[in-house]
Structure formats: structure tokens, C-alpha cells
Amino acid sequence: MSPEAVPMVVLAAALLHAVWNALAHGMADKLAGFALMNTVFLVVGGVMAALAPMPDRASWPCLAASAALQVGYQLQLVRAYRLGDFGQMYPLARGTSPMLVALLAATVLGDPLHGARLLGILVISLGLAGLAFAGGLPGREQLPALGAAVTTGVLIAGYTVVDGIGVRRAGAAGGYIAWMFLAQGAAMLVVAALLRGRALPAPCAGAPGPAWPAASSH
């Protein structure tokens with residue numbers, strides 16, 4: 001890919017990600033919606049795994065850790081969107097992760113950022129935080145939603161760094177991505193089934209269902 005094309009690809013990815021999150025926020029049954037999304041991950045991952053080389057065994061611990069972090073991220077995102085407004089939850093979650101990724105890259109990967117790159121991350125993170133609190137400082141009743149959004153950002157940073165390590169160890173980026181989709185999709189579907197039980201297939205098929213397991217209080 002030419003250097004000139006990279007910014008366009010990044011901007012397109014950012015737009016698609018924002019649209020995806022807006023759709024997720026608007027789902028009546030968010031857990032069932034995420035289960036359906038992960039069914040797609042399973043299918044896409046299966047097709048990719050059939051075409052791409054197997055990732056090196058050195059990357060398998062990263063695949064397991066990434067799947068766990070991805071499941072945690074999705075559950076916290078569901079909780080954040082259940083408790084708060086999209087206009088506040090999305091910027092806060094996405095604004096938390098770039099700074100944490102930069103910090104982890106410097107301390108864990110030995111790849112610190114300097115100069116314009118570090119300044120760019122600061123501007124992005126502070127800009128997104130400014131959007132999240134454009135309406136004023138939050139009240140106590142908003143703290144659970146804000147906590148879920150910040151936790152989402154922390155988990156995003158976690159799987160970003162883990163996947164960065166995993167791709168380096170895999171020896172084949174396509175193979176790692178394929179098995180990441182498979183591991184993440186399977187893990188999320190198992191967790192969704194455990195949380196919702198036998199009630200999960202109905203909302204996935206289009207019937208109405210609760211937005212969160214009735215027994216959940218955290």
C-alpha cells in the first residue's frame with residue numbers, strides 16, 4: 001500500500017467503526033446483537049483460516065488473551081451503551097485507549113512515541129474527552145456509565161497491544177487475524193449463552209428480549 005493511501009484507509013476504518021458503534025447503541029437487545037455480530041466473526045474467520053497459513057504457536061497465548069479481552073470489551077461496551085448516551089460513551093471509550101496504547105507500547109514493547117506522533121495522540125485523546133464532557137461535568141448518577149466507558153477503553157488498549165505482540169509472533173498476519181476472529185467469536189457466543197441461557201436464540205432470531213440478563217446487577 002502506498003503511503004498516500006494509508007490516511008484514507010485509516011479514515012475509512014474510523015468512519016466504519018463509528019457507524020458500527022452507533023448501530024450497536026441503537027440495538028434494542030444489545031447482547032443478542034453482539035452475539036449475531038460474533039457469529040459473523042466466526043464465519044469470516046473460518047473462511048480466512050482456510051486460506052491463510054496457520055499462525056506460529058508462539059502467538060497462541062496472545063490469541064487466548066485477545067479473545068478474553070475482546071469479550072470483556074464487548075460486555076463493557078454493552079453496559080456502557082445501556083447506561084449512558086452514545087455521544088458521551090463512545091468518545092470517552094475511544095479517547096481513553098490511544099493514550100494507554102502509547103504508554104503500553106513504550107513500557108511493554110519498548111516502542112515509545114516522540115514528537116509529532118505523541119502530540120497527535122494527545123490531541124486526539126483530549127479532543128475526544130472534550131466531546132464526552134462538552135455538556136458539563138458528570139453527576140454522581142453518571143459514574144457507573146462513565147466507569148463502564150473508561151473500562152471499555154482500557155480493554156481496547158489491552159487487546160490492541162496483545163494483538164500487536166501476537167501478529168509479530170505469528171509469522172503470518174492473515175492467519176493470526178483469522179484465528180483471532182474464530183477465538184473471539186466462539187468465546188463471545190459462549191459467554192452470551194451462559195448469561196442469557198435458553199432465552200438467547202429468540203432475540204437473535206428477531207423476537208424481543210431483555211437488553212441485559214435479568215440477574216445482572218454489575
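First, the ground rules. This is a predicted model, where local features need pLDDT of at least 70, side-chain atom pairs count only at pLDDT 80 or more, and totals for chains, interfaces and linings use all residues. Residues are numbered from 1 along each chain as its sequence is written, and side-chain values use heavy atoms, with hydrogens and water left out.

Start with helix α4, residues 86-107. Helices here are DSSP runs of H or I, at least four residues, numbered from the N terminus. α4 has 22 residues and spans 32 Å from first C-alpha to last. That is close to the 32 Å expected at 1.5 Å a residue, taking 1.5 Å times one less than the number of residues.

Now Thr-96, which sits in α4. Is Thr-96 buried or exposed? Buried, because its relative accessible area is 18% and the cut-off for buried is under 20%; exposed is over 50%, and partly exposed lies in between, with a 1.4 Å probe and protein chains only. Other buried residues of α4 include Tyr-90, Leu-92 and Ala-105.

What does Thr-96 touch? Val-150, Gly-153 and Val-154, leaving aside residues up to four places away in sequence. Contact means heavy atoms within 4.5 Å. Its side chain also has a polar atom 2.7 Å from the backbone oxygen of Leu-92.

Next, α2, residues 30-51. α2 has 22 residues and reaches 32 Å. Its buried residues include Phe-34, Met-37 and Asn-38.

Last, Val-123, in helix α5, residues 115-132. Val-123 counts as exposed, because its relative accessibility is 53%.

Terms used: Helix = DSSP H or I, 4+ residues; strand = E, 2+ residues; numbered from the N terminus. Polar contact = N/O pair within 3.5 Å; in protein donor to acceptor, adjacent residues only side chain to side chain.
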